[in-house]
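Subject: Model for your files

Dear colleague,

Here is the structure I said I would pass on. My notes follow below it.

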Amino acid sequence: MKIDILAIGAHPDDVELGCGGTIAKLISEGKTCAIIDLTKGELGTRGTEHTRKTEAENAAAILGVTARENLGFKDGFLVNSEEYQLEIVKIIRKYRPEIVLSNAIDDRHPDHAKASKLVSDACFLSGLIKIKTQLNGSDQEAWRPKHIFNYIQWKNIEPEFVIDISEHLDQKLKACAAYKTQFYNADSAEPITPIATKDFFESLTYRAQDLGRLSGVTYAEGFTSEKLIALKNFDGIVL
Ligand SMILES: [Zn+2]
């Protein structure tokens with residue numbers, strides 16, 4: 001099952017918040033995308049892992065991804081262990097993406113930066129032919145994604161490039177709002193958390209708008225890149 005883009009997040013909702021507009025846009029252009037959640041978000045203050053699972057399925061349907069899997073790692077205690085690396089290697093070899101989108105390289109939630117390093121290391125290891133893995137009893141072939149791009153989450157990180165999501169911000173916001181227990185809901189009796197405030201939900205739009213202002217589009221999502229990006233030419237640049 002080869003796909004073009006594999007988007008990975010420490011918690012169900014990280015991908016929607018960080019790069020939901022980019023995924024919606026790429027899928028609308030004919031690319032295939034799958035989402036991998038590393039944990040079930042079981043330590044989240046609001047909701048339960050069960051409500052979160054349903055919300056993640058609804059969000060995936062809104063974005064139109066090909067597949068979504070949860071690896072069931074331990075929320076809050078992500079470690080860059082051989083065990084976790086090999087589980088991600090199996091996923092990379094299963095989907096064989098050219099591009100991996102992954103958590104912010106530095107953030108308020110400690111799992112985010114840990115996930116970014118864990119995924120980066122797994123992408124490298126996945127390309128080593130002497131690391132043997134199996135899926136459903138069959139040997140897997142080595143595969144190394146060509147690029148890892150890290151989306152931006154709570155902290156303001158200076159992006160190295162942005163994707164114009166002007167036509168897909170609404171779809172992103174709908175996918176985020178699918179996490180009904182996690183984000184702002186005036187009728188909820190659950191404790192208010194930093195991401196459950198009205199301001200946080202509005203920040204999804206005002207950050208996209210500000211990155212759009214700086215880049216000359218209406219709305220944008222920003223990314224950093226592990227390696228220097230080479231453009232084939234200037235055709236993909238919004239003029
Ligand atoms: Zn998260």
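Where does Asp13 lie? Asp13 is in the loop between strand 1 (5–9) and helix 1 (14–28), where helices (H or I, at least four residues) and strands (E, at least two) are DSSP runs numbered from the N terminus.

This is a predicted model: local features need pLDDT of at least 70, side-chain atom pairs count only at pLDDT 80 or more, and totals for chains, interfaces and linings use all residues. Residues are numbered from 1 along each chain as its sequence is written, and side-chain values use heavy atoms, with hydrogens and water left out.

Asp13 is not a glycine, yet has a positive phi of about 120°. Asp13 is buried, at a relative accessible area of 3%; buried means under 20%, exposed over 50%, and partly exposed in between (1.4 Å probe, protein chains only). Asn136, also not a glycine, has a positive phi near 50°. Asn136 sits in the loop between strand 5 (134–135) and strand 6 (138–139) and is exposed, with a relative accessible area of 75%.

Seven strands form an open sheet in the order 3-2-1-4-7-9-8, with mixed pairing; two strands pair if DSSP finds at least two bridges between them. Strand 3 (67–73) and strand 8 (161–164) are at the edges, each with a single partner strand, so one side of each has no neighbour in the sheet.

Strand 8 pairs with strand 9 (residues 220–225) in the antiparallel sense over four bridges. Phe161 stands opposite Phe223 in strand 9.

Regards
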